[in-house]
Amino acid sequence: MKFFIDTANLAQIKEAQELGVLDGVTTNPSLMAKEGITGRNNILKHYVDICNIVDGDVSAEVISTDLKGMIKEGEELAELHEQIVVKVPMIKDGIKAIKYFSDKGIRTNCTLVFSCGQALLAAKAGASYVSPFIGRLDDISTDGLNLISEIRHIYDNYEFQTQILAASIRHTMHVIDCAKIGADVMTGPLSAIEGLLKHPLTDSGLAKFLEDYQKGN
């Protein structure tokens with residue numbers, strides 16, 4: 001399972017990279033704005049800065065919602081760095097754009113996916129990644145993990161190469177559950193990744209080892 005961090009914060013990306021388990025980064029206009037990154041040139045530069053920190057894929061999102069605009073933006077993003085994956089929204093023109101990019105050899109991440117039908121269309125169009133937002137489904141009392149499971153079943157049926165990127169991860173148990181189901185990738189906050197480190201028995205065990213060492217030395 002690949003671990004992506006969902007942020008535009010360079011310090012958090014560096015911290016995750018230093019942990020040694022980071023495989024990539026996802027970000028979006030909201031996350032960019034949260035970090036005070038505004039203006040097209042600043043946003044493009046920030047994507048390159050992220051690519052220079054991590055070794056894996058970096059999803060960069062188009063803003064346009066029409067086919068022509070998405071193609072123009074997507075090609076510009078793809079030219080920024082070889083690690084860039086163009087993130088495209090799950091809309092009609094988005095599917096057309098994904099097909100266009102796929103034919104051109106440009107990798108894509110179909111975002112804002114909330115149903116199996118949407119995931120199926122994204123895979124048919126040639127998306128490199130599909131991003132079901134499980135946390136947002138949980139927010140409206142819908143089982144986001146079940147969606148991951150159903151998409152996994154469909155993709156396995158037809159041997160689609162599109163990777164399931166479990167997005168909108170909120171906490172550590174989301175990571176564990178997605179790993180059990182067979183998501184190819186998870187993307188979430190640094191806290192969800194670091195939460196995997198924690199267990200009270202590890203803490204108490206280490207404290208006991210150190211205590212015993214101090215007694216004899």
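A salt bridge, as the term is used in this talk, is a side-chain nitrogen of Lys or Arg within 4 Å of a carboxyl oxygen of Asp or Glu. By this rule the structure above holds 13 salt bridges. The model is a predicted one, in which local features need pLDDT of at least 70 and side-chain atom pairs count only at pLDDT 80 or more, while totals for chains, interfaces and linings use all residues. Residues are numbered from 1 along each chain as its sequence is written, and side-chain values use heavy atoms, with hydrogens and water left out.

Let me begin with the fold. Helices (H or I, at least four residues) and strands (E, at least two) are DSSP runs, numbered from the N terminus. Two strands count as paired if DSSP finds at least two bridges between them. Eight strands form a closed barrel in the order S1-S2-S3-S4-S5-S6-S7-S8, and the pairing is parallel. On average, neighbouring strands of this sheet are turned by 30° against each other, direction ignored. Axes here are lines fitted to C-alpha atoms, for helices over the stretch in contact, and angles run from 0 to 180 degrees between N-to-C directions.

As an example of the pairing, strand S2 (residues 24-26) and strand S3 (residues 57-61) are joined in the parallel sense over three bridges. Thr26 has Ser59 as its bridge partner in S3.

Helix H3 (residues 40-51) lies across S2, S3 and strand S4 (84-89), and runs at about 165° to S3. Helix H8 (residues 144-158) also packs on the sheet, where it touches strand S5 (108-113), strand S6 (129-132) and strand S7 (163-166). The direction of H8 makes about 175° with that of S7.

I turn now to Lys87. The UniProt annotation "active site", from an unreviewed entry, covers this residue; UniProt positions are given in the numbering used here, feature names are shortened, and annotations may be inferred rather than shown by experiment. Lys87 is placed in strand S4. Is Lys87 buried or exposed? On the scale used here, buried means under 20% relative accessible area, exposed over 50%, and partly exposed in between (1.4 Å probe, protein chains only). At a relative accessible area of 5%, Lys87 is buried. Beyond its neighbours within four places in sequence, Lys87 is in contact with Thr26, Thr27, Asn28, Ser59, Ala60, Glu61, Val62, Asn109 and Thr111.

Finally, I return to the salt bridges. Lys99 forms one with Asp103, with the closest N and O atoms 3.3 Å apart. The two residues are four apart in helix H5 (residues 92-104), so about one helical turn separates them. Lys99 is partly exposed at 42% relative accessibility, and Asp103 is exposed at 56%.

In helix H8, Asp156 and Arg152 are likewise four residues apart, about one turn of the helix. Their salt bridge has its closest N and O atoms 3.2 Å apart. Asp156 is partly exposed, at 48%, whereas Arg152 is buried, at 13%.

In helix H11 (residues 200-216), Lys215 and Glu211 are separated by about one helical turn, because they are four residues apart. Their side chains meet in a salt bridge of 3.5 Å, N to O. Lys215 is exposed, with a relative accessible area of 60%, and Glu211 is partly exposed, with 42%. Through shared partners, salt bridges join Lys208, Glu211, Asp212 and Lys215 into one network.

Terms used:
Contact = heavy atoms within 4.5 Å.
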